[in-house]
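Here is a short tour of one protein chain. Keep the 3D view open and find each residue as it comes up.

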Amino acid sequence: MLKGSIVALVTPFTKYGNIDYSELEYLVNRHVEAGTDAIVAVGTTGESTTLSHEEHIDVVSAMVELADGRIGVIGGNGSNSTSEAVQLTEKMSHLGVDGFLNVTPYYNKPSLAGLIAHYKACAEVSDIPQILYNVPGRTALDMTPDVIEQLAAIDGIIGIKEATGDISRVADLRRRCGDDFILLSGDDPTAREFMLAGGDGVISVTANVVPAQMKALVEAATQGLRAEAEAIDKQLEALHQVLFIESNPIPVKWALALMGWCSANYRLPLTPPELHHQEKIEAVLAELDLLNSQES
């Protein structure tokens, strides 16, 4: 459940800003039906930065209950404060999650010694496997392959979500970390090539919108079926691009609202996309025949 097509799921809100558990149930069921392998609960796409710790844990708990063993659940447990990351890890370890996704501490840019101490502290409080998350575009810190090699030696760290878009890292990390270390793309536009180069899957924003197509792409790419993977991915190229036309998850939530899958409600400082971006999102969805697809 920690490989394959994994969706970085949005967190739906009501118009009053509360978590919409009814819409969350609908989304989980859509992914079960589409064959998605696992859900990342309350990651970046799930607006983790605007949820309180209590809400964070409640959403992950609800996700596990709604999944009911039909689909894997990976809980986001990262923070730029080690004590907060440890607390989240401890409190979610008893919920039934299949794994954790632990982002690089953001903003404070720790040294190598600080990174190792941070991840060791999180790993020591839980037996549940943890996946590193390297996304320098948001954290201002890149975990280079030599750093990842050292972190991979920590008991309990079993893989990485690599969101640099650098395909050359796949072979390098495989050589350094071994065949059992899970390599997941965190960059939809380059995920196909990442998997064809030997990656084990993707944690995807695009999968929110087209879960079945992303599942098919992952199956083709991880089996080395280049022509099939390229054909599927070519259909999704414009969608990959438009879902990052503004900061994630602003566009993907808007797209889901246009499709009738969840409401376009955000928590500040996130707001709906600018009008011209709304029009571009709608145009791409129309081209893919995804508008009003609630019953599709």
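Thr45 sits in the loop between β2 (38–41) and α2 (53–67). Helices (H or I, at least four residues) and strands (E, at least two) are DSSP runs, numbered from the N terminus. The model is predicted: local features need pLDDT of at least 70, side-chain atom pairs count only at pLDDT 80 or more, and totals for chains, interfaces and linings use all residues. Residues are numbered from 1 along each chain as its sequence is written, and side-chain values use heavy atoms, with hydrogens and water left out.

Is Thr45 buried or exposed? Thr45 counts as buried, because its relative accessibility is 3%. Buried means under 20% relative accessible area, exposed means over 50%, and partly exposed lies in between (1.4 Å probe, protein chains only). Leaving out residues up to four places away in sequence, Thr45 touches several others, among them Ala8, Thr11, Asn248 and Pro249. A contact here means heavy atoms within 4.5 Å.

Now look at Ile203, in strand β8 (residues 201–204). Ile203 is also buried, with a relative accessible area of 3%. Its contacts, again not counting residues up to four places away in sequence, include Ile6, Ala8, Lys161 and Leu184.

Why take these two together? An unreviewed UniProt entry places the feature "binding site" at Thr45 and Ile203. They span 159 residues in sequence, yet no two of their C-alpha atoms are more than 10.6 Å apart, so they gather at one spot. The lining of the second largest pocket includes both Thr45 and Ile203. UniProt positions are given in the numbering used here, feature names are shortened, and annotations may be inferred rather than shown by experiment. For pockets, a 1 Å grid is laid over the protein atoms alone; a pocket is an open set of points with protein on both sides within 12 Å along at least five of seven lines, and lining residues have an atom within 4 Å of a point.

β7 pairs with β6 in the parallel sense over four bridges. Two strands pair if DSSP finds at least two bridges between them. Leu184 in β7 is the bridge partner of Lys161.

Helix α6 (residues 145–152) comes next. Its buried residues are Pro145, Val147, Ile148, Leu151 and Ala152. They cover an arc of only 155 degrees around the axis, which puts them on the same side of α6. That arc is taken from the directions from the helix axis to the C-beta atoms. What covers these buried residues includes α4 (112–124), β5 (130–134), β6 (157–162) and α7 (168–177).

Finally, check the backbone. The peptide bond from Asn248 to Pro249 is cis, with omega near 15 degrees. Pro249 lies in the loop between α10 (226–242) and α11 (250–259). The bond from Leu268 to Pro269 is cis too, with omega near 15 degrees. Asp68 is not a glycine, although it has a positive phi of about 50 degrees. Asp68 is exposed, with a relative accessible area of 61%. Tyr107 is not a glycine either, and its phi is positive, at about 70 degrees. Tyr107 is exposed, with a relative accessible area of 72%.

Conventions. 1 Å grid on protein atoms, 1.4 Å probe; cavity = no way out; pocket = protein on both sides within 12 Å on 5 of 7 lines; lining within 4 Å.
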